[in-house]
Each structure stands twice: as C-alpha cells, then as structure tokens.
Amino acid sequence: MSKSYFDETHCAFGHPKSTFMQWMLTIDHKRIGIMYAVVMFTFFFVAVAAALTMRFELFAPGQQFIDAHTFNQAFTLHGVVMVFLFIIPGIPAVFGNIVMPLMIGAKDVSFPRLNWFTFWLYIVGCLVALSSLFNFSIADGSLVFNFADTGWTFYAPYSLNTDTNVVTTLVAAFILGMASILTGLNFLVTIHRLRAPGMDFFKMPLFVWGIYATAWIQLLATPVVGITLVLALLEKYFGIGIFDPAKGGDPVLFQHLFWIYSHPAVYLMILPAFGIMSEIIPAFSRREIFGYRTIALSSAAIAGVGYLVWGHHLFTSGMSDIAKVMFSFLTFFVAIPTGIKFYDWIATMYKGKIVLDTPMLWALGTIITFAIGGLSGVTIAMVGSDIHLQDTYYTIAHFHYAMLGGVVFLFFAGIHYWFPLVFGKMYSEVQAKLAFYVLFIGFNFLWFPMFIAGYLGMPRRYFDYLPEFQIYHQISFWGAIIFVTGLIYMFYVLIQGMRNGKPTTPNPWNATTLEWHLPSSPPPLENHTKVPYVDFRPYEYHHGQPVVKFDENMKRID
Amino acid sequence: MSVEMNTSNVLEGFSSRAATFTADLDQALWINLVLSIVLFISVVAPMLYFAWKYRASNVKDENIENITHHTGLEITWTVVPTLMLAVFFWYGYTTMKTLRTMPDASDAITVKVEGSKWKWRYEYPANSNGYVHKLGGAFTKPVQDENGKIIEKGTMDKSALYVPVGTNVILEMTAPLGDVLHSFFVPAFRMKEDVVPGRLTKQWFKADKVGEFDVECAEYCGTDHSYMYSRIVVLPKAEYEAWFNSNADTPKGNYAKGGDAVLQRHGCKSCHAVTTEKLLIGPSLKTRTLTKEQVLDVINNGQNKLGYAMGAMPAGLAKGTDAQEIAAYVAGGLKGTQPASFAACSSCHGEDGKGQYGTAPSLVSYDATLLGHVLKHGKKGMIGTMPEFPYVSDEEVSAMAEYLNGTK
C-alpha cells in the first residue's frame, strides 16, 4: 500500500512527530483544504443555529423566545459568519486548495508557506469575529449578549453609533479580507506559473477558470472593503467625520464603498461554484462539454462586469436617479453571460448518457434553484420594481436562492464529487441521494414563501411582524426544520462514508480531468508521479469513456 | 362621507391599488413574472427532458455524441434573452421615471417627514389661519401576556399622515443629525425611499382611493425597527380641507389627553420604561426624584450621561405645551387615574390606598400578585376581615396595582 498525504506531510518548519502538530504545521494544499472545510462547516452550523433561532422567534407574531435586541444580534451573527467566515473563503479555500493544483498537474500551490500562513490568518480572523460572543452578561436570569447588532453590512451611521461590540467584528472582517487577498494572490501565481507543460489557458478545466476569475476579484476588490472598514473604525473612535453628516460626512458614501467590494464578492462566491457545475455536468453526461470557450470567457466577463454594478444595492438610498438608471442597465449585462452558461450546461446533456449519481443530482437541483435565484435577481435589477421590493423578504428569498441554492448547493455537489478523491472512500449513494431530496424540498419550503411575503410588503430584519404574514413565516419555519434535518443527515452520511466507506479506485466517476489520474487513492503527498504533458482538451470522451489515459509514470498510453 | 378609524395593527390596503402609479408598477412586475417563467422553463424543461431521455439505462455508449458547438443555437440563446432583458430594463426605467418625477410644487401639498428612532412625524404647510399642523408619533406596541399571547393589538391610534384623495403629495424627508437611516415604505403604493440624516430625500404620490395604508420602516434602524410603523389616511377632499383649515389635532378628533397619551405620541416609551423601573435605552421615567423644571431641562436641552451616542437623549423631542405636560406628568411620579374597580376598596383603604390612618392596612406596597391573591381568597387580620372578591379579573388587579404603586 503506497503512502497517501494522510500518512506524511511537509511542514512550515521543523519535523514534528505528533500527528496533531503535523496537521497544524502542514503546508500540503490538500491538508490545508481539509482543515478549511472542517473549520468553515463548524461555523456554518453556528450560523445555521442563529438562523434557526430567528425562525423559531418568527413562528408567531410578538415576542416568544428572544427580545428584539438579541434578534438583531442573531441576524448580524448569521450574516457575518455566513458571509465572511463561510461563503467568501468558501469554495476557493477548500476546493481551490485541494483540487486546483491537482487539475493543473502541480505539486502544490506556488507559495505553500504563505498558504499555511493564510489559513492561520483566517483562524485569527474567525476568533476575533466571534470573541465578542463571549462578552455576555447575565441579567434577570437571561443571557445578554454584546455582539454587534448592525447587520452584516455595517451601514453608517448605525454602526458608528451603536454601543454593541462592532469593533471586533470590523477588525475581523479586515483580517479575513487580508486572508482572502493572500489566497487570491497565491492562486493567481499558481495558475500562471505551475500549469503542466502544454496546458494553455484554453486547456484548463473550467473549475480552474472559475478559481482564476475569482482570484482576480479577491486581489483587486477586497482592498476596497479593507479601506472602508478602517475608515469606519477611524470614524467611530476618532470621529474623523467621513460618514457622519453632523460633521459634514455622508452616510451614503459608506454604502458605495461597502458594495464596491461586496458586490463583486457575490461573483467571487458564485464563479467557483459555476466551475464545479462545469466539472460535474460533462463527467456525468459522459461526453465533452458544450461551448467550453464561452463558459470560460463568460466567467471572466462576469468578473469584469461585476465591478460596475454595485449601485444596484442603492436604488432606494437617495442616490441620484441617473446613477440608478446606469447601474440598472449595467446589471443586466451580468445576466447575459450567466444565462449563456446555463444553456451550455443543458446542451452538454443533449445526446449524452446521464448518470444520476449524487453529485449530478446536486448539480441538476442547483440548476432549478439557481435559475429561480437568478431570475428573481432580474426583477430587482429593474429600478421600478426594486423600489417596491428593496429591503423586503423578496430580496432575502432572492439572495438565499442564489447563495444557498447556488453557491452552497454546488459546494455540496463538489463535496460529493471529490469526496472519493480526498478520502479514497465512498459514502453511501442511497443515503446521500435521500439527503439531497430532503434538503431540496426543505429549501424550497423555507424560501419560496418569502417571495410572496416580500411582494406583499414584509420588510427584512423585522423581529415582529403584522399578523397577515404569519402563514408565510410558518411555512418557512417548517421548511427550515426539514432543511436542517436534511443538513444533519447529509453530514452524518458523509462522516459515515469517511469512516467506514468502501475504498475506491482513483477515478470512480470515469472523469477526464487530471485530478482523476493520480497513481493511488487517496493521493500521495506530492500528487502526480510525474508532471504530465497536456496536449488535450479537458473533457475529451469517446463513446462515454475518457480518451486520455496515463500509465504509472504519467505517460499517455493510448 | 367619513371613514371609520381602523386602529388594529393589520397591514392595510396592500391588495388595493391605491396610488396612481401602482397599476403601472404591477404591470411591470407581471410582465417580468411571465417572461421570467418563460426563461425558467427554457432552462429547466430541457434539463428534465434530457435527464429522462438520455438516462444511463436508455443510452448505448456508441450513441453518445460529443457536440460542442452549434452557432445558430448559441446566437439564439444569447440574443433572445438579451432582448427580454431589454424589455425588463425598459419597464424598470419607465416605472422609475413615474415614481421619481416629482410633480410641480405649486400643484402639490408638500409635507415634511421626519423619521427618527422609532417614529414618523409630519409637518404640514401653514393653513389659512397660519396654524401649522404637526402630526405623527410612535406606534404603540402590542401587549402580550406571560405566555406570549397577544392580548392587546398594537395601534397607531390617531397618529397618521392625513392626505386628500386625488391630490399630489410631495414628501420631503429627513432624519435628525445623530440619528440613523430609515426608509419610508408604503406597500400599498409600491414606493420606498431612504431617509438619511442630514440629507433631504423626496418621494411623491397621488392616492386615488380613500382608505388607510400602512407605512413601514424598511431600512434597519435598531431595536424597535420592526415597530416603526405609521399610516397614511386618505380622506375625501372636503373632509381634508375642513380639518386642514381648523386647529383640530387630527381629522379624527383631538389626541387623547393625559400624560400617558402625550408620552406615547412623542415616542418617549420607545426608550423609557414608564410602568416599571427597567432600564431600556434610557432610564425609567418611573422616578419620583425629579422636579418639573429638571425634567423640562432634559427635554429642552437633551442629556448624555450614558456616554455613547445611542444612549444620548436628543434635545427638543417635545416642545411647548406637550413638553410642559410631560414634565408635570413625569415629575408627579406618573400618577394614574383611579380605576373604577378600586371604588369599593377605597371605603376602607382610602382614596390613596394608604389605609385611612389605620382603619385598614396600607396597600401601596402590594404588587399585583399579592393584591390578586388577597382579593380572591380574602384575609383575616388583626384589624378585621377582608372579604373575598372571587370575580375580580386580572386586568382589574393589574390596574389597581398600578394605581396604588403611583400613590406611594
């Protein structure tokens, strides 16, 4: 039995004997990716718990379990953890690390020690973000938390005035932004410098294209939010008066600066997810992908146009009407390449051989949920309708369909797809499919009623609501219960698979890309035995079988 | 024609199209919905069909075709959706133009709107007598019993923005410096715009239906964000004119008198507890240590003893006779009026419940629980016998306890 990356590793410094220290100091991209996944999904469940608390509170009008102030902290915690700790590092930190170097035939990322440092910077950011959770007191026999109550958007002047602990949250977002920049930098250099010989940009797998477009956003857009957060801190503690109207500042400026980053960040989340879709669809249709070049370039186009549309978050902020029209116009240009990708994926299924294994189920489910998420986004890209729907549950439903039903669902698809690669074992297909159906049903019950409630005028971030919205909140509640049950079940199935799953071969899905051509499963420490020569397209199939095969020394054998 | 005042906290009037531009906006939303469904089907229907038609058991490996391009199709699925998006943009643009093109000020009533934590207030132009109507105030939150059941619905009472039907109304909106963002959202009119401290933002509408329509704050603004309601009441023109040129508080009559009503109207209760000593945002007003002058000084000049911006009491939240009335009420220890149910008690325990110098025990330190227990079960004491009153209700007990507490 050959040694896998679980048995040996390179460390940032020293040669520690204990397994624990070997993991803490590891610079192996696969191990770092796994550690990101463990930490991120832990926080994911923290944020889910916060959301579930809110759903419980909203089950009936009036106050039930928590008071308004705690509710406001709960949605801030939910937003901050989901956005900054989970979904922004998200797919790049996990699969960008684990899979991207394998896909381009590299031994590791370009700067493995920087990668190790980035991971720990991320951990520091997480700890700072959550530190204020432990700053609670007990009054009248109940817990009083002192977490930020600003919402994850930190809008001025509220964030400047509140007495809750905004400073740690802002500093944490800054540190996490730094980690994100360094990840982006590392991936950019890796993709430019470490591609296998012969692999030009249009021979890269589409997931690598997704990571590449994302890395540019991480590198170029994140500094803007860093500056914004620093300005907010200076404003709050030194009163420099950038955002405070009493001193001649402008509160709306904060929203501009914030969304100049945070809108491209949305594409930073979705582009790698689209990349996963582009891997799964051809592999489970057993045929070459339709429109490779358009899919690759549309990622780049989305990343580019994505910088120019932040103003669509400000249609009711008091921004000038001319700016509203222009931002609305530009926003529609994001929809076009996104639509093209979808048609390309569907066309890939045409005259293929559709194998409905769990990853494919997740991918196809996401086509439904993300289509709803994307099209409902088009509604609020129309200025007139957004004036009505802005800051209502419609918007909430829209971005959860796009983020949860798009990014996170594809994240799950990726987990099921690359699970045998990472662990060399297989989960139970039957149980994993069952988990998918439970999650898919729960998801739609949870979020769809919110479109209607929002259209009827249910504003977001409301702790209490008018009685006629009760029915929508209650359907959502039961959806949430189904959804969380599905989540727990899915992770149970995966952990079972990790422990007791059947060992797999290096290429269980009959896929074509380089990460499935490793010598053993799970992969050895430094990946492929030799760097392959790539003179083929990434998804070449013939009669449903991968065209390219390698021998044990990575020489092509057909 | 007069409109019955609706005081329940039910979202009023969404389903009716209440402003002149609402129909346009709904049309845009419907067009968007129909085209979106077409686009959705164009993606999902072929997906489901292919997943079924080309299912693994139905396809032989040699029948798989690696089609990677089809210029005609690719052009179609680029151009057709782009045209649809152009339609969306156009409807978004035209509806925005309707919503955002302010009518001529000479052909409109311009009302100043001030949003602050957590109330909406309206100031009208001077009427023919030179009197300036100032309306609005905080929403009274619903009251819940200890099981969380709502026993009293929240209400706007008479606080509202009263406008005539079929008339342009321009809202000039702002928030005080030191306050935060709010958003004036009227679901029935499909309109919304943020209210920004230190800035003037504008909206307009022309209501084409008599009725009442709720206003919600749509931009997160803190603890009571979800209670920052108000209401637009659309009146027949004659009724509006009659009120506007009078000095009456509202077209529905004057505000309730008494300190408590004034506190409610000015939103004091959003930050200050009144019946308990609980510290909300600001200190409880249930204090008996301040003089009227001291209270007036705080109202007029504000105060910041808690040391952070959100804990500061802004100056000038109430002015004139209202300020006087609040000061008198707070300085007087918030004495309520004697509840009717106390009449029988007073024959022994005295009007102030202090026991008429030993005729009966003093009740001023009794809380509701103790009071309720003694009332329901009676009591035999040194002085005499307290009879049972088993039919007394919880509400009556709490009213009595509150009254007694105020006479301390």
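Start in chain B by selecting strand 7 (residues 168–174) and strand 10, which pair in the antiparallel sense over 6 bridges. Keep in mind as you go that this is a predicted model. Zoom in on B:Val169 and look across: the residue opposite, in strand 10 of chain B, is B:Phe205.

Now widen the selection to the whole sheet around that pair. The sheet is open and has 5 strands in the order 3-2-1-7-10 (chain B), with mixed pairing. Which strands stand at its edges? They are strand 3 (134–138) and strand 10 (201–206) of chain B; each has a single partner strand, so one side of each is left without a neighbour in the sheet. Turn the view and follow the twist, which averages 20° from one strand to the next.

**A second sheet in chain B**

B:Glu212 is the one to click, with B:Val233 of strand 12 of chain B opposite. Then move to B:Asp214, also in chain B, in strand 11 (residues 211–217). Is B:Asp214 buried or exposed? It counts as buried, because 22 C-beta neighbours lie inside 10 Å and the cut-off for buried is 20 or more. For a sense of distance, draw a line from B:Asp214 to B:Tyr329: their C-alpha atoms are separated by 31 Å, and the two residues are 115 apart along the chain.

One more stop here is the loop between strand 8 and strand 9 of chain B, where you'll find B:Arg190. Its phi is positive, about 60°, although it is not a glycine. B:Arg190 is buried, with 29 other C-beta atoms within 10 Å.

**Stepping back, then across to chain A**

Show chain B as a whole: it has 9 helices and 14 strands. Of its 408 residues, 38% count as buried. Among contacts in chain B between residues at least 6 apart in sequence, 64% join residues at least 24 apart.

Now bring chain A into view. 80 residues of chain B are in contact with 79 residues of chain A. On the chain B side, the elements giving two or more residues are helix 1 (22–53), helix 2 (71–100), strand 8 (182–186) and strand 9 (191–195). Helix 2 of chain B supplies the largest share, 15 residues. Colour that side by class and you get 45 nonpolar, 21 polar and 14 charged residues.

**Helices in chain A**

Select helix 9 (residues 206–238) and helix 11 (residues 292–305) of chain A. They pack at an angle of about 15°, with their axes 9 Å apart. That makes helix 9 of chain A roughly parallel to helix 11 of chain A, and their crossing is right-handed. Among the residues making the contact are A:Trp209 and A:Trp216 of helix 9 and A:Ile295 and A:Ser299 of helix 11. The residues of this contact divide into 9 nonpolar, 2 polar and no charged.

Then go to helix 4 (residues 90–98) of chain A. 9 of its 9 residues are buried, so the helix is largely enclosed by the rest of the structure. A:Pro92, A:Phe95 and A:Asn97 are among those buried residues.

Most residues other than glycine have a negative phi, and most peptide bonds are trans.

- A:Pro157 sits in the loop between strand 2 (142–144) and helix 7 (158–161) of chain A.
- A:Ser521 to A:Pro522: another cis peptide bond, with omega about -5°. Look for A:Pro522 in the loop between strand 4 (502–503) and strand 5 (541–542) of chain A.
- A:Met554: phi is positive, about 60°, though this is not a glycine. A:Met554 is in the segment after strand 6 (545–546) of chain A, and with 18 C-beta neighbours inside 10 Å it counts as partly exposed.

Conventions:
Residues numbered from 1 in each chain as written. Chains lettered and ligands numbered in written order. Predicted model: local features only at pLDDT ≥ 70, side-chain atom pairs only at ≥ 80, totals over all residues. Contact = placed C-beta atoms within 7 Å. Helix = DSSP H or I, 4+ residues; strand = E, 2+ residues; numbered from the N terminus. Nonpolar A, V, L, I, M, F, W, Y, C, P; charged D, E, K, R; others polar. Buried ≥ 20, exposed ≤ 12 C-beta atoms within 10 Å, placed from the backbone. Axes fitted to C-alpha atoms, helices over the stretch in contact; angles between N-to-C directions. Parallel < 35°, antiparallel > 145°, perpendicular 65-115°, else oblique. Left-handed = near helix turned anticlockwise from the far one by under 90°. Pairing = 2+ DSSP bridges.
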